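Open the model in your viewer and get ready to select as you read. Each stop tells you what to pick and what you will find there.

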Amino acid sequence: MNEHWTEKSEINFLFRIVSDFISQIEKKMESLNMSQDQLAKDLHISKGRVSQVLNNPGNVSLRTVIKLAKTLKMKVSIIAYDDNDFNNINGPIISEVFKICWENAGKPHDLFSVQKSGELEQSATNMLNFCYDLEKGKNQWIYQNGPMGGAYSAQFFPINNDFKAFPGSLLRVFD
Amino acid sequence: MCPIIPQYRLDFFTCKDHPNRCIAFLVSSDNEIEALSAFERLKDNEKRGVQTGFDYWRDGYNNKKRHHGWDKSEFQGKYCNCHVFKGKESNVQFRLYGFKCHPKTSDRSFELCVLVNSARKKRNESDVSNLNNAVEMMNNYAIQKAISESFLGE
């Protein structure tokens, strides 16, 4: 099996992961309609240096990474993970994957919030299983209060035309 | 004298066991197919940039700075199976062009991008001659056969 190109050297690996970061920075600049000129001004560096940083990710220090993120009102985390790809066949996981997962989890700020979001997800799964059980069997009116209140039940969506789950912890099965 | 019929084979750059996508260079005695030799001649950083684009496409990350395709609204849909990967060194831009296909009979959603030719340029617009060449290669029976043979039983 061929190894991923980032396995060939640390510089390759560095280039790839900083490229991911630069992509996020460029996306943010686009959303703010910010030019490279403006970024250079905010960073107190020359436009040439900005261009160099954005176009040569292999030559960017961690300090510059932090400066760039801060200028765009963002933060940076360094994440180590084990994806069972011991020989690095697939290369690093794109940073955007971690960002989207974090956003989908409700942007938890600490481990208490992570635990809570896990509980909500479990409750939602339980509720959904309950829905499927009902769907299989009887046609009847059922009202079920969600154990966690209305917050999570809004995540439900109609399973089919005859079966609907509404926000506000009310679950209804139509005959 | 018999004309020399070019032979074709795929040189896989990313793992073909990936669940969604993979990238391969088309290799041939045909001089028009030069994506691999052009890629191998790239300077280190330019090559890294192109490889980053490979990763992004394979993993479903749309990033026009690194790679993009053409949709049905452009060029009357003529190039919607084409794809380009981008690199840049100083002010000169590098492009690797290819076509996309679905070679696995057991999984029609699986996508392969076959890289065929390259270009160096100073402007951003794509030269349609590269794209026309990619389309021509895509419709070439011998190339289609080489692709099928690379995915026999898959």
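**Before you click**

This is a predicted model: local features need pLDDT of at least 70, side-chain atom pairs count only at pLDDT 80 or more, and totals for chains, interfaces and linings use all residues. Residues are numbered from 1 along each chain as its sequence is written, chains are lettered from A and ligands numbered from 1 in the order written, and side-chain values use heavy atoms, without hydrogens and water.

**Stop 1: the interface**

Now show B:Arg48, B:Tyr61 and B:Lys65. In chain B, these lose the most area to chain A, together 33% of what that side buries.

**Stop 2: a salt bridge**

The term means a side-chain nitrogen of Lys or Arg within 4 Å of a carboxyl oxygen of Asp or Glu. The count between the two chains is two salt bridges.

Helices here are DSSP runs (H or I, at least four residues), numbered from the N terminus.

**Stop 3: the largest pocket**

A pocket is an open set of points on a 1 Å grid over the protein atoms alone, where a 1.4 Å probe fits, with protein on both sides within 12 Å along at least five of seven lines; lining residues have an atom within 4 Å of a point.

Which residues lie nearest the centre of the largest pocket? Select A:Gln24, A:Val76, A:Ser77, A:Ile79 and A:Ser95. In total, 40 residues line this pocket. The largest share, 10 residues, comes from α1(A).

**Stop 4: the second largest pocket**

Return to A:Glu26 and B:Lys65. Both are among the residues closest to the centre of the second largest pocket, along with A:Leu54, A:Asn55 and B:Lys88. The lining has 31 residues. Here too, α1(A) gives the largest share, six residues.

Methods. Buried area = accessible area lost by both parts, 1.4 Å probe. Helix = DSSP H or I, 4+ residues; strand = E, 2+ residues; numbered from the N terminus.
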